[in-house]
Amino acid sequence: MFKGLLVLLPALLLAGFAPAAPARAADTGRLYLVGLGVGDRDNMTLRAQKIVAKADVVFAMKRMLKDYAEMLEGKDLYDAGHGLFASFGRRGGDSSALEAQARKVIRKAVAEGKTVAILDGGDPMIYGPHTGFLTEFADLNPEVVPGVSSFNAANAALLRGVASGKVSHSVILTAAFGVREGYTGKDTLAELGKTQSTMVFFTMGMNLPEVVEQLKRSYPADTPIAIVSYAGYRDKEQVLRATLDTILERSGGKLPFEHLIYVGDFLK
Ligand SMILES: C[S@@+](CC[C@H](N)C(=O)[O-])C[C@H]1O[C@@H](n2cnc3c(N)ncnc32)[C@H](O)[C@@H]1O
């Protein structure tokens, strides 16, 4: 088997593949975007724990700096805002000032051989607000530490294979931008719904009645739908099951920010 690998690796390199994280001298500074996972602390990977432990400088949303205060004691802490460097997410009023600060602090720290960690919840690469750091600091060869996404935790809560539908074996992750005013992307719900694949909504304040109305144009009205709230929190995780026809009535009041919506016959 090792022999096979030795033959395969040079072949991949010749074909244009390159190591995702270029080798570096042990004493140079490093920049990491770290996913801490969702929910309970034991969803945090060992790798994330190790990087956070060795970080000298940490950037994260203010709330996260507060929530993880005991893990971050003694480190230099900075506000990462809600989406700097034109990444996905809201841009707060003070984002230019935060960007200027981040440029100065990160470049200086890495040049001094320090470890800088940008922290995010869940997996940073799925609708995470901090991916803009990766392009802004591409020349520093940043590394991403994956985390347990709310998608992973909610899949577990549903106890069904998310790609095991009868009419489709595919999964679409979406934030339903198509229902927002002025959105010009091609991923409208009408287009996404054509294959009746499993659809998973990262909600972020999404307009549920509008989404349900649009889904009904592609999926039968008795298609199952589930709302998973607080995925990954053992004490407060909840699943609400309904169909496209009954979900609005059943979901009733206000849903927490932390909920995902699943649609598809895999739930049957
Ligand atoms: C900006 S996105 C970040 C997603 C994150 N990167 C991840 O991998 O889970 C925020 C959205 O993720 C979903 N979300 C985050 N945490 C959640 C949780 N614990 N349970 C269910 N959904 C969650 C919600 O739909 C929320 O509106």
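Reply: The ligand is surrounded by 23 residues, of which the closest are Gly-122, Ser-149, Ser-150, Ala-231 and Glu-258; a residue is near a molecule if its C-beta atom, placed from the backbone, lies within 6 Å of it. This is a predicted model, in which local features need pLDDT of at least 70 and side-chain atom pairs count only at pLDDT 80 or more, while totals for chains, interfaces and linings use all residues. Residues are numbered from 1 along each chain as its sequence is written.

The shell around the ligand comprises 12 nonpolar, 9 polar and 2 charged residues. Here Ala, Val, Leu, Ile, Met, Phe, Trp, Tyr, Cys and Pro count as nonpolar, Asp, Glu, Lys and Arg as charged, and the others, Gly among them, as polar. Domain 1 (25-148) and domain 2 (151-267) each contribute at least three residues to this shell; the domain bounds come from an automatic or database domain assignment. At least two shell residues come from each of α6 (150-158) and β10 (259-263). Helices (H or I, at least four residues) and strands (E, at least two) are DSSP runs, numbered from the N terminus, and the chain has 9 helices and 10 strands.

The helix α6 also has a buried side, consisting of Ser-150, Phe-151, Ala-153, Ala-154 and Asn-155. A residue is buried if 20 or more other C-beta atoms lie within 10 Å of its own, exposed if 12 or fewer, and partly exposed in between, with C-beta atoms placed from the backbone. The cover over these buried residues of α6 includes β6 (171-174), together with β7, β8 (224-229) and β10. Just after α6, Leu-159 adopts a positive phi of about 55°.

In the largest nonpolar core, of 30 residues, Leu-260 and Tyr-262 touch the most other members. Such a core is a set of buried Ala, Val, Leu, Ile, Met, Phe, Trp, Tyr and Cys residues joined through C-beta atoms within 7 Å. To this core α6, β7, α8, β8 and β10 each supply at least two residues, and both domain 1 (25-148) and domain 2 (151-267) provide at least three. Leaving aside residues up to four places away in sequence, Tyr-262 touches Leu-158, Thr-198, Val-200, Ile-225, Ala-226 and Leu-267; contact requires C-beta atoms, placed from the backbone, within 7 Å. Apart from this core lies another, of 26 residues, among them Ala-48, Ala-55, Ala-60 and Ala-102.

In α8, the buried residues are Val-211, Val-212 and Leu-215. Viewed down the helix axis, they fall within an arc of 100°, so they line one face of α8; the arc is that of the directions from the helix axis to the C-beta atoms. These buried residues pack against α7, β7, α9 (247-251) and β10.

Two loops deserve a separate note. Ala-176, in the loop between β6 (171-174) and α7 (189-192), has a positive phi of about 50° although it is not a glycine. Ala-176 is buried, with 24 other C-beta atoms within 10 Å. Met-204, in the loop between β7 (198-202) and α8 (208-215), likewise has a positive phi, near 40°, in a residue other than glycine. Met-204 counts as exposed, with 12 C-beta neighbours inside 10 Å.

For the chain as a whole, 32% of the 268 residues count as buried. Of the contacts with a separation of 6 or more, 69% involve residues 24 or more positions apart.

Methods:
Contact = placed C-beta atoms within 7 Å.
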